[in-house]
Number of protein chains: 2
Amino acid sequence: MKITINDVAKLAGVSIKTVSRVMNNEPSVRKDTFDKVTAAMKQLQYQPNTAARNLASSRSYSIGYVYDNPNAYYVIEMQRGMLDACRKHHYELIIHPTNAQSPEIVQEVLELVERSRLAGLVLTPPFSEMPHLAEALTEKEVAFVRIISGSTPSPKLSNCVLVDDFTAAFKITNHLLELGHTDIAFLGGDEEHSSSGERQAGFEAALIKRGLKAKPEWVVAGRYSFESGVARAKALMSAENKPSAIFACNDEIAAGALFSARLMNISIPDQLAIAGFENSPFSRQTWPPLTTAHQPNSTIAQYAAELLFKCSKKTHNKADVKQQTVFIPELLVRESTSSVT
Amino acid sequence: MKITINDVAKLAGVSIKTVSRVMNNEPSVRKDTFDKVTAAMKQLQYQPNTAARNLASSRSYSIGYVYDNPNAYYVIEMQRGMLDACRKHHYELIIHPTNAQSPEIVQEVLELVERSRLAGLVLTPPFSEMPHLAEALTEKEVAFVRIISGSTPSPKLSNCVLVDDFTAAFKITNHLLELGHTDIAFLGGDEEHSSSGERQAGFEAALIKRGLKAKPEWVVAGRYSFESGVARAKALMSAENKPSAIFACNDEIAAGALFSARLMNISIPDQLAIAGFENSPFSRQTWPPLTTAHQPNSTIAQYAAELLFKCSKKTHNKADVKQQTVFIPELLVRESTSSVT
DNA sequence: AAAAATTTGGCCAGCGCTGTCATATACAGC
DNA sequence: GCTGTATATGACAGCGCTGGCCAAATTTTT
């Protein structure tokens, strides 16, 4: 319960300093020394005292995840991805759900970083879309990585992981077009989220490419919720002019639309095809299961965390890491658009 | 960026030690000293350095939450409750999702505790229902609190927070009985979870109290899933002898049952009343919304964390805290059982 | 074989706080 | 008032590790 670096040093027959060097992956350590020390650590089941390391090095071996997202599945998956990365690099993850609306949000985040001496932060929408937060963090020299919706890297988006909602929406729309649908409605999500706009743009681009145009009355704004899907689908399918397919901005909306269609005795997918977005568990719990776009959330989160480690590390190479990687959600065809079992 | 306890001490005109006392809520501090120090801390926006505190006190100001639960909402709510408690007491929460099936789970948990020098652990099912884990933790003198399904405190269940599924299920069943239903079916959840058994027992007890008996063919085992609800309700409602009400073991099952009923053109709640359990967001997203039992998950979690702080604290009173508090989920009547708007 | 480069050890300060114990101050009672 | 007890505060060492620095040991190069 109290094996110290000293014990390891003795067993390995080296100095404390060398053990410390091994732990911190410092360059000038010979291979066999490294192995000796590693073996000793394993044999003793040595667990370095995180607190002591943090204190002495005045940097912490933990990163923070700040979020405010009502979608529990999303959050859980992001956490999982970051935790995977953390475990690999012997970091800790500090989760910090909070209210994005709070006027003192910047202050709050800075305090969090300071108190826990975080090595960096991962931000998801809406925090990743707050310019003032990014500025404040940059000014205080806090490392951070943002996960945002976008398709085109730009110098402004430093240290971002982009999720290409545009292309994914394009693909889904294309799938519907290929099935022969031309009368496609779009059910949007919360307008504050840029993801909704990106998806709409992808939808419209796909239509345009086929020489079609989105009917204004079939592009319906709303919220990212089941109820919103129910209501809008009902209105849409009660009108004179009905679409033959619906592209919903996320799975919840799609499930709502599906629900409405059921009530109206509209058979899916024969009379109406419905596609969602996200590949949430929700999309598998409907009947028929929803065609959707698979967002590899945990992979994205893991990647973001890894990126953060690179930025925050005392890497000797001067060039800061200003990478921007783009993830494209994959099309996932299920029975809600095509009856091929 | 680097206000230390020293700065606070100077500003408040006291010694470092006294500031430390204030931070740790130690008893022997006069009121006015306390106020002076508190004011100084606020003025300087002082953030104690967690690492230093951990090191000096050789105990960490963080607790761990070990879980393996597919229900994201549940996990998120538990996290939120624990975080609330943690923030109040200036603790950190380390989340540790893992695979409950792993044969080395005990070892893994012990390592986690050691590495992060956790002050204690909160366990939810299935971890809270593993006797060997509890034993190992007790032996290693790791403080822990278990959240489990149960109604009767017993010496074996030391440091447990009990969720009285039995009574809650009793109440729901009673509600159905009071509406005049006598033909009530029960759709169970995964049998490995003790919660399912507790709920079934509550259901049967309520019937017996009215001189009724559960029909064996109406007590149907299954899984805690939407699909399982769909299938079982369909079977139930296709039989010769149909129940007039269904008590589903959780909201997902209930939503599935609701879905089936819709497909079969059975009107809810007139021809069939349906009740769920959990008050998940799910239960509000169906139409009609589900009558259910509200499990105050975040409150329970918060309470569990507070209990843990008490156990792990250097409380001078010898008597260990072996409390057992029982939370009873509340009946929440919605339109799926009673059309009264 | 000498010079140069690499690897390792020794030493010490100190990260920012808490535990222990000693001291100072308050509040009794007579 | 004064001693006695309870309470409030302070001084100091040290938690386990890292960083900096230089010297010593070892290996590699010329």
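Let me start with B:G202, which touches B:F166, B:A169, B:F170 and B:T173, leaving aside residues up to four places away in sequence. Touching, or contact, here means heavy atoms within 4.5 Å. B:G202 is found in helix α9 of chain B, residues 194–209. Helices (H or I, at least four residues) and strands (E, at least two) are DSSP runs, numbered from the N terminus. Is B:G202 buried or exposed? B:G202 counts as buried, because its relative accessibility is 0%; buried means under 20% relative accessible area, exposed over 50%, and partly exposed in between, with a 1.4 Å probe and protein chains only. The C-alpha atoms of B:G202 and B:D165 are separated by 7.4 Å, and these two residues are 37 residues apart along the chain.

A word on the source. This is a predicted model, in which local features need pLDDT of at least 70 and side-chain atom pairs count only at pLDDT 80 or more, while totals for chains, interfaces and linings use all residues. Residues are numbered from 1 along each chain as its sequence is written, chains are lettered from A and ligands numbered from 1 in the order in which they are written, and side-chain values use heavy atoms, with hydrogens and water left out.

Now chain A as a whole. Its secondary structure comes to 12 helices and 12 strands. The C-alpha atoms of chain A fill a box of roughly 85 × 45 × 35 Å, taken along the principal axes. Chain A has 341 residues, and 53% of them count as buried. Of the contacts in chain A with a separation of 6 or more, 71% are between residues 24 or more positions apart.

One buried residue in chain A is A:H175, with a relative accessible area of 9%. A:H175 has its place in helix α8, residues 165–178. Not counting residues up to four places away in sequence, A:H175 touches A:T291, A:L331, A:V333 and A:T337.

Next, the cavities. A cavity is a set of points on a 1 Å grid over the protein atoms alone, where a 1.4 Å probe fits but cannot get out; lining residues have an atom within 4 Å of a point. Grid points are joined across faces, edges and corners, and a volume is the space filled by probe spheres set on the points. How many cavities of 30 Å³ or more are there? The count comes to eight. The largest cavity holds about 290 Å³ of space. Of the 21 residues that line the largest cavity, the closest to its centre are A:T50, A:N54, B:T50, B:N54 and B:S62. Elements giving two or more residues to this lining are α4 (50–57) and β2 (92–97) of chain A, together with α4 (50–57) and β2 (92–97) of chain B.

Last, the backbone. Most residues other than glycine have a negative phi, and most peptide bonds are trans. B:P125 and B:P126 are joined by a cis peptide bond, with omega about 5 degrees. B:P126 is found in the loop between β3 (120–123) and α7 (131–139) of chain B. The bond from B:I268 to B:P269 is also cis, with omega near 5 degrees, and B:P269 lies in the loop between α11 (251–263) and β9 (273–275) of chain B.

As for phi, A:R117 has a positive value near 45 degrees. A:R117 lies in the loop between α6 (105–115) and β3 (120–123) of chain A, and is partly exposed, at 25% relative accessible area. B:N25 has a positive phi near 55 degrees. B:N25 lies in the loop between α2 (16–23) and α3 (31–44) of chain B, and counts as exposed, at 61% relative accessibility.

Methods: 1 Å grid on protein atoms, 1.4 Å probe; cavity = no way out; pocket = protein on both sides within 12 Å on 5 of 7 lines; lining within 4 Å.
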